[in-house]
Amino acid sequence: MQLIRYCLSPNKLAWLREELGEHTDKLLAAMDAAGSNYLAELTELQAGDLSAGDSQLKFAWFQQKLALTTRLTDAELANLTPLSLVDVRVELVSSDKLTTALQQLSSESVLGFDTETRASFEPGVQYPLSLVQLATSDTCYLFQQAVLGERLAELKPLLENEQILKVGIGLRGDGQALKRDWDIQVSPRLDLNWAMAQLGAGKEMGTRQLVAALLYKRIDKPKKMTLSNWQQVPLSPAQIQYAALDALAANLCFWQLIDKLQGFYGKTTVGNKPLLPPSLAARLASYFDPA
């Protein structure tokens, strides 16, 4: 449990580290351990009380939300195993394989989604969208504008298919670029930053924190790759890995979120108040197992 860190603002945490230095993490760990022990004792005391089920459910939900929305430190992130593309197929879609790729993706219910655009370092200069990444749980498809040319517009029926949810992290810019350059309105879509905000995350968690919280993995986001030339053909191996991992991470994070919320979906507490925020439950309802 990381209650103390969750409750501290970044400014307060920085102040604490300035005051206590190397002792800060030990103090936070001790305070969190005390809180965990208290909840464990409370649960044990209520174990034989049939009326205590409501409280136990609330405590379990409290701890789940805390685990999902508490940010890890850089040191904690560094200790995680990197997310990799092992057992994942990556396909750079060529013009002759475009139709087949779109047909395969059209059979999915959820797609991890991301885009890349060549960075501009000149005032007033904006490059068009360079790359669209779409991922299932085991395959990542990369659609590069420099390779496909005007045929990139053929993604429109897929990206506007109301039966396929497009899931990503920080999707506003991606959606705007597709609308601006290709008149594609990505729908329906779910931004995982929004989902975590419904659970109590104080600000956008971003890809690194979401992957850590949901997959217990580390995903590196070097600026050298972020700002690289996404128009170049061919893309470098490092660019391919970076782009594919972003879309794969979105897909895997979505299904892990569903798995972690499944036990609380449809559950209520005193006064028939639902545990899951209604806005989030409504967006995710069709992905939960009714049983």
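**Cysteines**

I began with C253 and looked up its closest cysteine sulfur: it belongs to C140 and lies 13 Å away, too far for a bond. For this I took a disulfide as a pair of cysteine sulfur atoms within 2.5 Å. By this rule I count 0 disulfides. As a reminder to myself, a disulfide is a covalent bond between the sulfur atoms of two cysteines.

Are these cysteines buried or exposed? C140 is buried at a relative accessible area of 0%, and C253 also counts as buried, at 0%. My cut-offs: buried is under 20% relative accessible area, exposed is over 50%, and partly exposed is in between (1.4 Å probe, protein chains only).

**What I am working with**

This is a predicted model, so I kept in mind that local features need pLDDT of at least 70 and side-chain atom pairs count only at pLDDT 80 or more, while totals for chains, interfaces and linings use all residues. Residues are numbered from 1 along each chain as its sequence is written, and side-chain values use heavy atoms, with hydrogens and water left out.

**The sheet**

Next I traced the strands (DSSP E runs of at least two residues; helices are H or I runs of at least four, both numbered from the N terminus). I found 6 strands in an open sheet, ordered β2-β5-β4-β3-β6-β7, with mixed pairing. The edges are β2 (89-92) and β7 (189-191), each pairing on one side only. From one strand to the next, the twist averages 25 degrees; axes here are lines fitted to C-alpha atoms, and angles run from 0 to 180 degrees between N-to-C directions.

I then checked β6 (residues 165-168), which runs parallel to β7 and is joined to it by 3 bridges. Two strands pair if DSSP finds at least two bridges between them. Which residue of β7 stands opposite V167? It is L190.

**Helix α11**

How many residues of α11 (residues 206-215) are buried? I get 8 of its 10, so the helix is mostly covered. Among them are T207, Q209 and L210.

**A nonpolar patch**

Last, I looked at L27, which sits in helix α3 (residues 24-46). L27 is partly exposed, at a relative accessible area of 33%. Together with L20 and M31, L27 makes a nonpolar surface patch of about 220 Å². Patch residues have over 30% relative accessible area and no salt bridge; like charges are joined within 9 Å, nonpolar side chains (Val, Leu, Ile, Met, Phe, Trp, Tyr) within 5 Å. A salt bridge is a side-chain nitrogen of Lys or Arg within 4 Å of a carboxyl oxygen of Asp or Glu.

Technical notes
Areas by Shrake-Rupley, 256 points an atom, 1.4 Å probe, with all protein chains shown as cover.
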